[in-house]
Amino acid sequence: MRILVFANTPAHVHLYRHAVDRLEDAGHDVLVLTREYACTTDLLEFFGMPYRVYGEHETDGYSTARFARELGGQFYTIGREALRFDPDVVFGRGPYAAYAGTLTRTPVVLVLDDEPGDFNHTVSRPFADCILSPAVTRRDLGDDHYTFQGFIECSYLHPDVFEPDANVREFLSVDPDEPYVLVRFNALDALHDTDLEGFRPEQRRDLIERLSEHATVFVSDEGDEMDLRELPARPYDLHPAMIHDAMAEADLLVADTGTMVNEAALLGTPAFRFRGTDDHEYGEFQELERAGLAEQFDDYAAVRDRSIEILTDDGAGERWERRRQEYVAELVNLSDLLVEVALSRGAIDQLSSPTRGALQPKRREQPQH
């Protein structure tokens, strides 16, 4: 078989990397189409995934008009590469996968989460043969929409596939018992981030200074805007492929971005998200809050003070790890699911009985109260 995968962000690389490895090991041809964005191609290189670049995207302000211009220029390359590869099935999301599948007359599998905005869903849904999303997703995307118990991040952080690197503290140059915090600042450059604001510059500085009184602070600045030379913090400068190892060992993650909060929570690390001006309700965050693995804040002072409270609570780490072990035991290993869906070319009725049992048609689910 020939499987075409779109990985437009670092998170997409992680989503598909185990499935790609297993499909290649089984003798199938896989091609990842990607764009130059943040550390996406660095991760593809690190994990040895077969890829070609169809365009680029800068980490600065975004708009719908700019997105349309960018996409128009990239469609030619996507079409050329898709026709040359001649896939049997296409995985992705948004207009990229929809266009490639339509052009090559190939089944399209969309793997979606509960992101805000309707653009990606609107343009891709009519072309999808199969849509997969976590059960916490509130949208109903039609008869071909199926949900699973878990999160997108379960494809690479499920206990069956993730084993943290025991040497990460040595790589970070922190002592075995030295507490440290990861602080992640969002570039807010995605289409669904338009007009949103996270931590303001003065809040970023104050947060770092206050946290540094209780732990070593590592800053991951997606927009690469902060000058840390006058602040009591270090840049997170390990290879981006090691971020989950660093998260798993951290005492706390504080961020104004979503994916890393989900990831830290599933790793059993206290994960706090500052919403800023984002008033969208995400099913993933609500579920992780319910499980006691993540917390969200509208007020800056509240997230700062709660962070300090956790860092001065000697039992916090053990509580979070206990909750994590209890919670993730019931979640689906998404990589297993992706491999089977690929081999069935997106035909749910051709899946094995155990895999079909892990999927629920969205339209048959009972309304959640």
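Guide: The second largest pocket holds about 470 Å³ of space. A pocket here is an open set of points on a 1 Å grid over the protein atoms alone, where a 1.4 Å probe fits with protein on both sides within 12 Å along at least five of seven lines; its volume is the space filled by probe spheres set on the points, which are joined across faces, edges and corners. The model is predicted, so local features need pLDDT of at least 70 and side-chain atom pairs pLDDT 80 or more, while totals for chains, interfaces and linings use all residues. Residues are numbered from 1 along each chain as its sequence is written, and side-chain values use heavy atoms, leaving out hydrogens and water.

The lining (residues with an atom within 4 Å of a point) of this second largest pocket comprises 25 residues, with Ala248, Glu249, Ala250, Gly268 and Thr269 nearest the centre. Two or more lining residues come from each of helices H7 (168-172), H9 (243-249), H12 (300-311) and H13 (316-328); helices are DSSP runs of H or I, at least four residues, numbered from the N terminus. H13 supplies the largest share, 4 residues. By class, 12 lining residues are nonpolar, 4 polar and 9 charged (nonpolar: Ala, Val, Leu, Ile, Met, Phe, Trp, Tyr, Cys, Pro; charged: Asp, Glu, Lys, Arg; polar: the others, Gly among them).

H12, one of those lining helices, also packs against H8 (residues 201-211), with axes 10 Å apart and an angle of about 15 degrees (axes are lines fitted to C-alpha atoms over the stretch in contact; angles run from 0 to 180 degrees between N-to-C directions). The pair is therefore roughly parallel (under 35 degrees; over 145 is roughly antiparallel, 65 to 115 roughly perpendicular, the rest oblique). H8 crosses H12 in a right-handed sense, with the near helix turned clockwise from the far one by less than a right angle, anticlockwise being left-handed. Gln203, Asp206, Leu207, Arg210 and Leu211 of H8 meet Tyr300, Arg304, Ser307, Ile308 and Leu311 of H12, contact meaning heavy atoms within 4.5 Å. That contact has 5 nonpolar, 2 polar and 3 charged residues.

Elsewhere, H1 (residues 10-25) and H14 (residues 334-343) pack at about 55 degrees, their axes 9 Å apart, and are therefore oblique. Their crossing is right-handed. Leu15, Tyr16, His18, Ala19, Arg22 and Leu23 of H1 meet Leu334, Ser335, Asp336, Leu338, Val339, Ala342 and Leu343 of H14, giving 9 nonpolar, 2 polar and 2 charged residues.

Finally, the axes of H10 (residues 259-266) and H11 (residues 283-290) come within 11 Å and cross at roughly 30 degrees, which makes H10 roughly parallel to H11. This crossing of H10 and H11 is left-handed. Val261, Asn262, Ala265 and Leu266 of H10 touch Glu284, Phe285 and Leu288 of H11, a contact of 5 nonpolar, 1 polar and 1 charged residues.
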